[in-house]
Amino acid sequence: FAELRRLVDEFGIPFITSPMGRGYLPDDHVLCANLVRDTLQRKADVVLLLGARLDWTFRFGTQLARDAKLIQIDIHEPELGINRAPTVGIVGDVKSVLQEILFEMTCKLSAAQKNNLSPWHAALDAERESRTCKLEIQMSSTVLPMSPHRMYKEIKDFLPRDAICILDGNISMAVGQRVLPAYSPVTRFTAGTNGCMGVGVPYAVGAKIAQPDRLVIAVCGDMGFALTAMDMETAVRHKVPILVVVANNDGNMGAINQKSFFPGYEERITMFQPDIHYEQIMQAFGGHGEYVDRPEDLRPALERAVASGQASCINVRVDPHAPYPRD
């Protein structure tokens, strides 16, 4: 990661990451623009794409300005030009290519040229401050049922800096991306390139086995959770003390809050019955389970779950009408 940090620190280059690339440079780095990623992509005149894909997580490259120069580096040649043709495409190992780029930049750029991005920094800082204020308001809401933002604030304030976080779902994952920071590599797992759901619990089991001394938490929307809930039994049986938080919004699939299959058919196809007690599934398996419907009760529940030393599930009642977060 030394080359990435040098590129950012020495030349003042703002950066954003793919969802699962979070933490390779910490989210609290002064030049991290993940909170304003749409603004950065829309206004940047040169974009350096390092081993990432312009897939659904980057809106297939459509958010980049039409006249932006794209420099794409990837070790796998067929990846070059997918969804957007690069101005310059380089096949090679990112570390090795960055070493060459840094050498050329260090030799050819004057001190003044290295520090001429102040207006760009100021524009991103202003937008970031505005978004941060909006996010703080959302996270401070006292409305019941609690918002996903408030749920994640309580989780954020509880987690240690080295926690491994798995985000699984739709609204739940989207809000988590905004609220939960990542500070070190390979600590954030999401739907990834394939956009899969139901990965939360099994990812958590694998992560905890790999890193038994670190807190591992999976925050799952109840639709995603329903796909692999039985894997909690695996965690109990093998004594893998994962922490599962279910964002219980009646399984409405968030932005796809559909009406029905046919006119006059009353049941909405993405809705579960209200107030399902998912924590009782974990209790039935022999693990620790709690139900929470007030934000002030969530952190104590998280603390009790970790203190139990068992695989745990906390079922959190979340506003089923909370909208998908859009900037």
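Select Pro145 to begin: this residue sits in the loop between α5 (118–139) and α6, where helices (H or I, at least four residues) and strands (E, at least two) are DSSP runs numbered from the N terminus. The peptide bond joining Leu144 to Pro145 is cis, with omega about -10°. The model is a predicted one, in which local features need pLDDT of at least 70 and side-chain atom pairs count only at pLDDT 80 or more, while totals for chains, interfaces and linings use all residues. Residues are numbered from 1 along each chain as its sequence is written, and side-chain values use heavy atoms, with hydrogens and water left out.

Next, display helix α6 (residues 148–158) together with helix α7 (residues 171–179): their axes are 9 Å apart and meet at an angle of about 50°. Axes here are lines fitted to C-alpha atoms, for helices over the stretch in contact, and angles run from 0 to 180 degrees between N-to-C directions. That angle makes α6 oblique to α7, a term for whatever is not under 35 degrees (roughly parallel), over 145 (roughly antiparallel) or 65 to 115 (roughly perpendicular). On the α6 side, the contact (heavy atoms within 4.5 Å) involves Pro148, His149, Tyr152, Lys153 and Lys156; on the α7 side, Ile171, Ser172, Met173, Val175, Gly176 and Val179 take part.

Asn34 is buried, at a relative accessible area of 11%; buried means under 20%, exposed over 50% and partly exposed in between (1.4 Å probe, protein chains only). A polar atom of the Asn34 side chain lies 3.0 Å from the backbone nitrogen of Thr17. Residues touching Asn34, beyond those up to four places away in sequence, include Phe15, Arg22 and Asp27.

Then select Ala305 in helix α12 (residues 298–308). Ala305 is buried, with a relative accessible area of 2%. Beyond its neighbours within four places in sequence, Ala305 is in contact with Leu243, His288, Gln310, Ser312 and Ile314. Pro241 lies 64 residues from Ala305 in sequence, yet 9.2 Å away in space, C-alpha to C-alpha.

Two backbone sites close the tour. Most residues other than glycine have a negative phi. Lys239, in the loop between α10 (231–237) and β7 (243–248), has a positive phi near 55° and is exposed at 72% relative accessibility. Asp275, in the loop between β7 and α11 (279–285), has a positive phi near 60° and is partly exposed at 39%.

Definitions and conventions: Polar contact = N/O pair within 3.5 Å; in protein donor to acceptor, adjacent residues only side chain to side chain.
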